[in-house]
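Hi,

Here is the structure I promised to pass on to you. Have a look at it first, and then read on for what turned up.

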Amino acid sequence: MSEGDAPVAVRPTDRHSAFHRLIGWEVVEWSDGHAVMLCPVREEFMNRGGGLHGGLVATLMDSAGGYAALGGPPKDPDAVDGRGVTLSLTVNYLGTAREGTLKVTATRTGGGKSVAFVTIRCEDDKGNPIAEGVGTFRRFQREG
């Protein structure tokens, strides 16, 4: 990995969507083909049974997968971020959390110019697995 491809910390002020701000995850590493996100577990994220809602886990995995699939941050700070869409996402739930912080790690495993395949893992802050999955993402060319 060259210096230009090394993971970078992503500042909270970087171009986040309104949905990103609503959920409150933090992208702590992002390079071409790799992303790590953290998300605090909050009461609002619990289902009726008091466990972590699976929809939140899927959301985090989808988002981390997108970061890994679409490439690293733009080298030019004025450039438009890479864009894409999720074509498929498979999530296998393995556990739950009621407190702490979730860590989601995504790694691009293959694909080509317009389609990327990604593996994704969600775990609690003790390293216990919450979910694992795979995603397929359609990438669009970066502007700028």
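Which residues form a nonpolar patch on the surface, and how much accessible area do they have together? Please keep in mind that this is a predicted model. The patch is made up of Val85, Leu87 and Phe140, and their accessible area together comes to about 270 Å². One of these residues, Leu87, sits in strand 3, which covers residues 83-93.

Now to the chain as a whole. It has two helices and six strands, and reading from the N terminus the order of the elements is α-β-β-α-β-β-β-β. The chain has 144 residues, and 38% of them count as buried. As for contacts in the chain between residues at least 6 apart in sequence, 63% of them join residues at least 24 apart.

Is Ser63 buried or exposed? Its relative accessible area is 16%, so Ser63 counts as buried, the cut-off being under 20%. Which residues is Ser63 in contact with, once its neighbours within four places in sequence are left aside? Those partners are Trp25 and Met37.

That is what I have for now.

Best wishes

How values were computed:
Residues are numbered from 1 along each chain as its sequence is written. This is a predicted model: local features need pLDDT of at least 70, side-chain atom pairs count only at pLDDT 80 or more; totals for chains, interfaces and linings use all residues. Side-chain values use heavy atoms; hydrogens and water are left out. Patches are made of residues with over 30% relative accessible area and no salt bridge: like charges are joined within 9 Å, nonpolar side chains (Val, Leu, Ile, Met, Phe, Trp, Tyr) within 5 Å. Accessible areas come from the Shrake-Rupley method with a 1.4 Å probe; for residues, only the protein chains shown count as cover. A salt bridge is a side-chain nitrogen of Lys or Arg within 4 Å of a carboxyl oxygen of Asp or Glu. Helices (H or I, at least four residues) and strands (E, at least two) are DSSP runs, numbered from the N terminus. Buried means under 20% relative accessible area, exposed over 50%, partly exposed in between (1.4 Å probe, protein chains only). Contact means heavy atoms within 4.5 Å.
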